[in-house]
Amino acid sequence: MKPGIHPNYREVVFQDLTSGFAFLTRSTVNTRENITWEDGKEYPLVKVEVSSQSHPFYTGKQAVSTTAGRVEKFKNRYARGGK
């Protein structure tokens with residue numbers, strides 16, 4: 001690999017602002033804040049608004065919409081009366 005052309009790949013803490021959930025992973029994202037993690041070390045902090053702990057799809061709070069009901073409603077509305 002050529003030196004000086006690759007981004008700084010390091011451990012970073014991502015924190016969900018909605019639920020307070022935080023996880024440690026590796027990333028190249030630039031940050032301005034730091035946080036002391038559970039192991040006592042200080043890591044760069046990235047604040048996110050949605051994570052797997054707060055997204056409706058992953059929490060099971062997502063409203064499931066079925067297309068079958070909409071199709072039937074469309075057919076009933078625009079059905080021709082002639083036989």
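A salt bridge here is a side-chain nitrogen of Lys or Arg within 4 Å of a carboxyl oxygen of Asp or Glu.

## The salt bridge

By that rule, a search of the whole structure turns up one salt bridge. Lys47 and Glu33 form a salt bridge, with their closest N and O atoms 3.3 Å apart. This pair links distant parts of the chain, with Lys47 in strand 4 (residues 42-48) and Glu33 in strand 3, 14 residues apart. Strands are DSSP runs (E, at least two residues), numbered from the N terminus.

Lys47 has 42% relative accessibility and Glu33 has 39%. Each counts as partly exposed, the class between buried (under 20% relative accessible area) and exposed (over 50%), with a 1.4 Å probe and protein chains only.

Four of them make an open sheet in the order 2-1-4-3, with mixed pairing; two strands pair if DSSP finds at least two bridges between them. Strand 2 and strand 3 are the edge strands, each pairing on one side only.

Strands 3 and 4 run antiparallel and are joined by four bridges. Thr36 has Glu42 in strand 4 as its bridge partner.

## Val29 in its loop

Val29 lies in the loop between strand 2 (22-27) and strand 3 (33-36). Beyond its neighbours within four places in sequence, Val29 is in contact (heavy atoms within 4.5 Å) with Arg10, Val12, Phe14 and Val46. At 30% relative accessibility, Val29 is partly exposed.

## About the model

This is a predicted model, where local features need pLDDT of at least 70 and side-chain atom pairs count only at pLDDT 80 or more, while totals for chains, interfaces and linings use all residues. Residues are numbered from 1 along each chain as its sequence is written, and side-chain values use heavy atoms, leaving out hydrogens and water.
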